Amino acid sequence: MDAATIVIGRLADGPTPPTAASATSPNMLHTRVAEVVASMGRPPWSRRIIADERQLVTLIASPPGGGNRPHWHREFDEWWVVLTGRLEWELTGGVVLRATKDEIVWVPRGTVHHIRNVGDDLSLRLAVAMPPAMHYFSACEQCGYTDDGPREWCA
Ligand SMILES: [Zn+2]
């Protein structure tokens, strides 16, 4: 397989005030999670918090029973910080793990991840991926979840 490369289009020349920050997400200087939650309404929803050449950070809310479409990534490892709720990751190879507030989950490239809210309350997770963040659908080998949606997508 070919290697993937990235281009950093804008370089800093030296110490620089944070004028590149945005007034609205992504790339605000300061994001309060509670304010995002209050502005978004009923889950499911997601909000991009940080986006640049190397990282895509997304706040994702799932209602009880909700979750993602199982998929894998070709060129990056992905990780999450659970901010609230109780989430389950079903992974390729029979691995299942559950995580709750203040816990971090890391999944290497190539591993299918099917993430579901298995608690009784809203779940919030901060997802850290890398652009262009191509997703490749794969049915969950554990629970059998599948659908007729796109087989590849960029998010
Ligand atoms: Zn993913």
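How many bridges join strand 5 to strand 6? Six of them do, and the two strands run antiparallel.

A quick note before the close-ups: this is a predicted model, in which local features need pLDDT of at least 70, side-chain atom pairs count only at pLDDT 80 or more, and totals for chains, interfaces and linings use all residues. Residues are numbered from 1 along each chain as its sequence is written.

**View 1. Strand 5 (residues 86-91) meets strand 6.** Strands here are DSSP runs of E with at least two residues, numbered from the N terminus, just as helices are runs of H or I with at least four. Two strands pair if DSSP finds at least two bridges between them. Look across the pair and you'll find Trp89 opposite Leu97 of strand 6.

**View 2. Strand 6 (residues 95-100) is largely in the open.** (Buried means 20 or more other C-beta atoms within 10 Å of a residue's own, exposed means 12 or fewer, and partly exposed is in between; C-beta atoms are placed from the backbone.)

**View 3. Helix 1 (residues 33-40) lies largely in the open too.** Of its eight residues, zero are buried. Just after helix 1 comes Gly41, with a positive phi of about 80 degrees.

**View 4. Trp79 sits in strand 4 (residues 78-84).** Trp79 counts as partly exposed because it has 14 C-beta neighbours inside 10 Å. Its C-alpha atom is 8.5 Å from that of Pro108, 29 residues apart along the chain.
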